[in-house]
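Hi everyone, thanks for making time this morning. Let me put the structure on the screen, and then we can walk through it together.

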Amino acid sequence: MMIDVFSLAGWVGMFLMILDYFLLSTKKLKFDSITYNIINLLGGIGVLISSFYAQLWPVVVLNIFWIGVSSFSIYKIITIKPKYKELK
């Protein structure tokens with residue numbers, strides 16, 4: 001049995017999303033960490049590729065939003081300057 005590249009992208013994406021959720025649930029990652037959001041982004045891209053190829057349009061739309069939210073979160077994390085308490 002041979003797996004095509006589109007199915008592989010979907011399997012890897014699904015695995016990343018499950019791994020991300022597990023790490024969040026076990027408090028190994030925080031929802032506002034760059035690592036969490038990058039894993040989410042890569043998982044969404046993998047599932048998007050697979051679902052687009054299979055023409056599963058509701059899943060395609062869901063993952064477009066998933067990727068958008070992850071991308072926005074990454075942008076916010078990168079561009080927001082940390083707040084430091086003033087030293088007195």
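I'll begin with the overall picture, go on to the helices, and finish with a few single residues.

A word on the ground rules: this is a predicted model, so local features need pLDDT of at least 70 and side-chain atom pairs count only at pLDDT 80 or more, while totals for chains, interfaces and linings use all residues. Residues are numbered from 1 along each chain as its sequence is written, and side-chain values use heavy atoms, with hydrogens and water left out.

So what does the secondary structure come to? The protein has 3 helices and 0 strands, and along the sequence that reads α-α-α. Helices here are DSSP runs of H or I with at least four residues, strands are runs of E with at least two, and both are numbered from the N terminus.

Along the principal axes, the C-alpha atoms fill a box of roughly 65 × 25 × 20 Å.

Now burial and surface. Buried residues are 27% of the 88; buried means under 20% relative accessible area, exposed means over 50%, and partly exposed is in between, with a 1.4 Å probe and protein chains only. The protein exposes about 7100 Å², and carbon and sulfur atoms supply 73% of that. Those areas come from the Shrake-Rupley method with a 1.4 Å probe, and for residues only the protein chains shown count as cover.

Let's take the helices, starting with H2, residues 34-53. H2 has 20 residues and reaches 29 Å from its first C-alpha to its last, close to the 28 Å expected at 1.5 Å a residue. The expected span is 1.5 Å times one less than the number of residues. The buried residues of H2 include Tyr36, Asn37, Gly43, Gly44, Gly46 and Val47, and their cover includes H1 and H3.

Which residues of H3 are buried? They are Val60, Asn63, Ile67, Ser70 and Ile74. Helix H1 (5-25) and H2 are among what covers them.

Ile38 lies in H2 and counts as partly exposed because its relative accessibility is 37%. Ile38 and Ser71 are 33 residues apart in sequence, yet their C-alpha atoms are 8.1 Å apart in space. Ser50 also has its place in H2, and its C-alpha is separated by 22 Å from that of Tyr36, 14 residues apart along the chain. Leaving aside neighbours within four places in sequence, Ser50 is in contact with Phe6, Ser7 and Gly10.

Last, the backbone in the loops. Most residues other than glycine have a negative phi. Lys27, however, has a positive phi near 60°. Where is Lys27 found? It is in the loop between H1 and H2, and it counts as exposed because its relative accessibility is 73%. Gln55 also has a positive phi, near 60°. Gln55 sits in the loop between H2 and H3, just after H2, and at 53% relative accessibility it counts as exposed.

That's my tour, and I'm happy to go back to any part of it.

How values were computed
Contact = heavy atoms within 4.5 Å.
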